[in-house]
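Welcome, and thanks for taking a look at this structure. Here is a short briefing to read alongside the sequence and the 3D view.

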Amino acid sequence: MSGQPNRTPRPSTGSGGSGARDQVGRLLALVPYIQARQQVSVEEAAAEFGVKPEQIVKDLNVLWFCGLPGLGMGDLIDVDMDAVQGEGVIRVSNADYLRRPLRLDSSEASALIVALRALRDGSTPEVRPIVDRTLGKLEAAAGDGAALAAQVELRLPGQDAAAAELRERLHAAVTRRRQVSIDYYVPARDESTERVVDPLGLVTAQGNDYLDAWCHLAEDQRLFRLDRISSAEVLDTEVADHTDVRPRDLADGIFRPSPEDAQVTLLLEPDSRWVAEYYPTDRTEEAGDGRLRVRLRAGNPEWLVRLLLRLGSTAAVEEPAEVSAAVHRAAVDALANYEAFGAYDESSSSSE
Amino acid sequence: VLDRRSGTYEVPEGTDLRAITSMLAPAPAERTATVLVRQGAGHGLRRHAEPDGPETPQGWDRLRVRYAGSGALADEVLGYGADVVVLEPAEVRAMVVDRLEELAGVSR
């Protein structure tokens, strides 16, 4: 280090090295530094930036090749190299756009603030204070510039406090290798079951958080969607050894139909075409008039009947016939309820 | 209005971003329906329902369900087949009955 030892090099200039990264950082700080002072001696600049005077001269030799896109004579930063060589004094012009140190404009600051708020909602207790500190500094520094951020309201599904707490608890169980007893809802079977699982990890796919675990009830590896876990109790029991179980590769999606699953062919009216986007299909073909013929696999016949009850007349089962018979039967059973309970008798008697 | 810097634009005067975004968000579940749910079934529905009164047929629970739109509630109820019965409102009940009749091939 040269020059005046009582001066501390600016921390923002990094290690003061001659590498390209250090040099770019130094150049970006050097230009506003010089501009604020009209002219600076090479010695002084070197001391301020904690490098040798020769390094500053090298930097300046790069600087005068820099400028705005176009890089014509008028676009380049003008460094008076004669003054540098002769008087040891730096003068820079034609770089007014670098007068201020690098800073965020209002939309950049707002974008950062909004992003940090999103992080905050989903963060763990260790991370949250860091996010809060950063947010505090940024909001204070941005001042009115952060007004845009105030217009943005973030609501992330499943990111409320209860969900964050559950995720935290499961994460702890994964790291501490403890079994967890969960109450889990399976929509396809309309079942809520309590089961003990060995948690393997937390994964996120298609916008949902899942617990990857070995399920002692199913005696197999299963994924549990966090928003379907209604309660979770971490047990004292250590998890069994699952080194033979591979972590889930979710690149192909969550649901993987098995070749043994029953195949069905549905004819979807335009109102039900979403089914082909929502569930994995084996084949789809246009069937005219906006209708779509899809072939898909249903591992669980109950799930299929539920789906078809919802779709009603906007979907028809082409095969197999058992499925349409099951849907018909379910509809008849459900109608019988309406005859047994409530106001159905009055409304139907008039039309019979 | 496009700014000269690409990717930036002026927000038109009087724009209420909150109002626009909440318009795009799912409607809040402000209405309440009364349903019968077979005991041991309808778990998904139970997650946004609460008990409603004791006069209940044997083997059923009477619940109040919050919902946003009639069509969406009818869809949900239909998925439970014979395990859920809509008592009120009449509009949703009629919707469910109509669609069940279509499926059952009953003509009124």
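This is a predicted model: local features need pLDDT of at least 70, side-chain atom pairs count only at pLDDT 80 or more; totals for chains, interfaces and linings use all residues.

**Chain B as a whole**

- Chain B has four helices and four strands.
- Of its 108 residues, 35% count as buried.
- Among the contacts in chain B with a separation of 6 or more, 51% come from residues 24 or more positions apart.

**The sheet of chain B**

- In what order do the four strands of the open sheet in chain B lie? The order is β2-β3-β1-β4, and the pairing is antiparallel.
- The edges are taken by β2 (49–51) and β4 (84–88) of chain B; each has a single partner strand, so one side of each has no neighbour in the sheet.
- On average, neighbouring strands of this sheet are turned by 35° against each other, direction ignored.
- As background, strands of a sheet pair through backbone hydrogen bonds, in a parallel or an antiparallel way.
- Eight bridges connect strand β1 (residues 31–38) of chain B with strand β3 (residues 60–67) of chain B, and the two are antiparallel. Look for Thr34(B), which stands opposite Arg64(B) in β3(B).
- β1(B) also pairs with β4(B), again antiparallel, through four bridges. Here Val37(B) has Val84(B) in β4(B) as its bridge partner.
- Is β4(B) largely enclosed or largely open? Four of its five residues are buried, so β4(B) is largely enclosed by the rest of the structure.

**Two helices on the sheet**

- Helix α11 (residues 321–340) of chain A lies across β1, β3 and β4 of chain B, at about 35° to β4(B).
- Helix α4 (residues 90–104) of chain B packs on the sheet too, where it touches β1, β3 and β4 of chain B; its direction makes about 140° with that of β4(B).
- These two helices also meet each other: the axes of α11(A) and α4(B) come within 8 Å and cross at roughly 140°. Because angles over 145 degrees are needed to count as roughly antiparallel, α11(A) is oblique to α4(B).
- The crossing of α11(A) and α4(B) is left-handed.
- On the chain A side, the residues of α11(A) that meet α4(B) include Val327(A), His328(A), Ala331(A) and Leu335(A). On the chain B side, those of α4(B) include Arg93(B), Val96(B), Val97(B) and Leu100(B).

- Eight of the eleven residues of helix α10 (residues 301–311) of chain A are buried, so α10(A) is largely enclosed by the rest of the structure.
- The buried residues of α10(A) include Trp303(A), Arg306(A) and Leu311(A).
- Just after α10(A) comes Gly312(A), with a positive phi of about 55°.
- α10(A) packs against helix α3 (residues 70–79) of chain B at an angle of about 145°, with the axes 7 Å apart. This crossing is right-handed.
- Where do α10(A) and α3(B) meet? Arg306(A), Leu309(A) and Arg310(A) in α10(A) meet Asp75(B), Glu76(B), Leu78(B) and Gly79(B) in α3(B).

**Aromatic rings in chain A**

- Over all chains, the count comes to seven aromatic pairs.
- One of them is Trp274(A) with Tyr278(A), an edge-to-face pair at 5.8 Å centre to centre and 80° between the planes.
- Trp274(A) and Tyr278(A) are four residues apart in helix α9 (residues 274–278) of chain A, which means that about one helical turn separates them.
- Trp274(A) is partly exposed at a relative accessible area of 36%, while Tyr278(A) counts as exposed at 60%.
- Tyr278(A) also pairs with Tyr279(A): the ring centres are 4.9 Å apart and the planes stand at 80°, so this pair is edge-to-face. Tyr279(A) is partly exposed, with 21% relative accessibility.
- Ring pairs link Trp274(A), Tyr278(A), Tyr279(A) and Trp303(A) into a cluster. Trp303(A) is also one of the buried residues of α10(A).

Technical notes: Residues are numbered from 1 along each chain as its sequence is written. Chains are lettered from A and ligands numbered from 1 in the order in which they are written. Side-chain values use heavy atoms; hydrogens and water are left out. Rings of Phe, Tyr and Trp (its six-membered ring) pair if their centres lie within 6.5 Å; planes under 30 degrees apart count as stacked, over 60 as edge-to-face and the rest as tilted. Buried means under 20% relative accessible area, exposed over 50%, partly exposed in between (1.4 Å probe, protein chains only). Two strands pair if DSSP finds at least two bridges between them. Axes are lines fitted to C-alpha atoms, for helices over the stretch in contact, and angles run from 0 to 180 degrees between N-to-C directions. Contact means heavy atoms within 4.5 Å. Angles under 35 degrees count as roughly parallel, over 145 as roughly antiparallel, 65 to 115 as roughly perpendicular and the rest as oblique. A crossing is left-handed if the near helix is turned anticlockwise from the far one by less than a right angle, and right-handed if clockwise.
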